[in-house]
Amino acid sequence: MAKGRDSGMPAVDLWESFFDPAGILEALGCQRILGDAVEFGCGYGTFTLPAAQRVSGILYASDIDPTMLTSTAARASRNEVRNIVTEERDFLAFGSGRPDASVSFVMLFNILHVEEAFSLLREAHRNLREGGMAAVIHWKHDMRTPRGPPLAIRPSPEQCAACAERAGFYPQRIVRELPNSPWHWGMLLQRF
C-alpha cells in the first residue's frame, strides 16, 4: 500500500489543538445523518467520534495507517461509541469497499491534497446515495498555518468546488471561517 502525498501527522495533542470537531460539523450543517457514513482517512479519530454521534447507522472509518486505526478504535471503545467500524484500506488504489449508493454522508477532511483528488471525489460520489452529502475541510492557503501540506499542493475552496462539480457534486456551502479552527476552511457538497 502506498500512502498519498501528505505532510505527516504531528502528535495527537498538537493535531487536535487545530480543530473544534463538533463546531466544524455543526458549521457544515452536519447535525443528524440518517444512514451510514464513510470517513476517508480517519487519522487519530479526531472527527470520527463526533461524526459517529450524528450518524444513525455505521460510520466506516478508513485509513491506510494501522496505527491511526488503533487510535480511532481505542477512542471509540473508551467512549463507548459502538457504531464505528475501522478498516485498513488503500482507498486511493482500491476504493472504500462500500457498495454503490450505500451511504448518506462522506467525510474528506484534510485529504484532498492527494495526487488523485478527482478520483477520490469520484469514489465518494459512487458511495453516496442520490442527494447524499460530502463534507470537506482543508488547510487554508496561508504560510502562517502551523502545519499542513506544502502550499503548492493545498487546494483552495474554489479548486475543490470545481473538481467536485466535475465529479458530480453540487457545492452547497463554503465556510471560510470555521469555529475555533482558524487554519481551515470547509465545504458541504451534495451528490446529484
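What do the buried residues of H4 pack against? That's where I started.

**Entry 1: ground rules.** I'm looking at a predicted model, where local features need pLDDT of at least 70, side-chain atom pairs count only at pLDDT 80 or more, and totals for chains, interfaces and linings use all residues. Residues are numbered from 1 along each chain as its sequence is written, and side-chain values use heavy atoms, with hydrogens and water left out.

**Entry 2: helix H4.** I found H4 at residues 66–78; helices (H or I, at least four residues) and strands (E, at least two) are DSSP runs, numbered from the N terminus. I listed its buried residues (under 20% relative accessible area, 1.4 Å probe, protein chains only): Met68, Leu69, Thr72, Arg75 and Ala76. They sit on the same side of H4, because their arc around the axis (taken from the directions from the helix axis to the C-beta atoms) is only 130°. Back to my question: they pack against helix H1 (12–16), helix H3 (48–52), strand E2 (59–63) and strand E3 (84–88), with contact meaning heavy atoms within 4.5 Å. On the face turned away I noted Thr67, Thr70, Ser77 and Arg78 as exposed, meaning over 50%.

**Entry 3: after H4.** I checked Glu80, which follows H4, and its phi is positive, near 55°.

**Entry 4: cysteines.** I looked for disulfides (cysteine sulfur atoms within 2.5 Å of each other) and got zero. The sulfur of Cys30 is 16 Å from the closest one, in Cys160, so that's too far for a bond. Cys163 is in no disulfide either, with the sulfur of Cys160 nearest at 7.0 Å. Cys30 is buried at 3% relative accessible area, and Cys163 also counts as buried, at 12%.

Conventions:
The expected span of a helix is 1.5 Å times one less than its number of residues.
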